[in-house]
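Hi,

Here is the model I promised to pass on. Have a look at it first, and my notes follow below.

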Amino acid sequence: SEWALFDYDPDGDMPKHLQTDDVETWISLMDEMIPGFSGAAKVVTPSTTSRILSYDEPAYPSRGFHCFVQVEDTDDLERFAQELKALARIHKNGYTAKTKNGAVIAKTITDLTTFSPERVVFDGKPVVSGGGLSVANSDIKVFPGGRLDTSLTLITKQQAKAIEKQTGDRIVFSKSGTGRRLASTVNYMLLTLETVFTVDTG
């Protein structure tokens, strides 16, 4: 497929200024992080839960949506996701959250886990039963445009230094089996003499 999924799903950690029910406002915020995003062809559908109404009002406080964007090169999505995740640490449209085990993770106004090819996505009319419950119309929005060139989203040396200075995460670049650039983060501030490493030997 030549389409990539961008999932807007507000959570309790997302700052108020990044929360919006307006698709076009969200697209503008995305364009600040991803060059060419606003001009790319896209189809936006409401998430299944956001269509559930209770006495004609949204049953859930956050109303997310799925945005399917046509991209130039789907093989670049793994690298793109890694670098977007790192950029979220210093971008004004990114934020951090703690997991249940206390780890700090980078998040932004799109779910950074949706670019894996094995990810399953469900879009459809929810089934509801109970007093006052109903289902809103799908209200699908189509935005014509070109293809999103994900190769334009790259971490510069200046940004890599800023990420390390602000977060302690050092950006480590490597190459995939096909020669594509890959980026990962290593926090050397967390290393101690008791740190356990797993080493593969061949």
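In what order do the elements of the protein run from the N terminus on? The order is β-α-β-β-β-β-α-β-β-β-β-α-β-β, which comes to 3 helices and 11 strands (helices are DSSP runs of H or I with at least four residues, strands are runs of E with at least two, numbered from the N terminus).

Before the details, some housekeeping: this is a predicted model, where local features need pLDDT of at least 70 and side-chain atom pairs count only at pLDDT 80 or more, while totals for chains, interfaces and linings use all residues. Residues are numbered from 1 along each chain as its sequence is written, and side-chain values use heavy atoms, with hydrogens and water left out.

On the overall picture, the C-alpha atoms fill a box of roughly 60 × 40 × 35 Å along the principal axes. Of the 202 residues, 36% are buried (buried is under 20% relative accessible area, exposed over 50%, partly exposed in between, with a 1.4 Å probe and protein chains only). If you take contacts (heavy atoms within 4.5 Å) between residues at least 6 apart in sequence, 69% of them join residues at least 24 apart.

β10 (residues 169-175) and β11 (residues 181-187) pair in the antiparallel sense over 7 bridges (pairing takes at least two DSSP bridges between the strands). F173 has A183 in β11 as its bridge partner. The two strands form a hairpin with 5 residues between them, and G179 in the turn has a positive phi of about 90°.

One network links D73, D76, R79, E83, R180 and R181. Within it, D76 and R79 meet at 2.7 Å, N to O; D76 is buried at 5% relative accessible area, and R79 is buried too, at 4%. E83 and R181 also meet at 2.7 Å, N to O. That pair links helix α2 (residues 77-87), where E83 sits, to R181 in strand β11, 98 residues apart. E83 is buried at 0% relative accessibility, whereas R181 is partly exposed at 29%.

Another one to look at is R147 with E2, whose closest N and O atoms are 2.8 Å apart. R147 is in the loop between β9 (141-143) and α3 (157-167) and E2 in the segment before β1 (3-8), so the pair ties together parts 145 residues apart in sequence. Both are partly exposed: R147 at 36% and E2 at 42%.

Cheers

Key
Salt bridge = Lys/Arg side-chain N within 4 Å of Asp/Glu carboxyl O.
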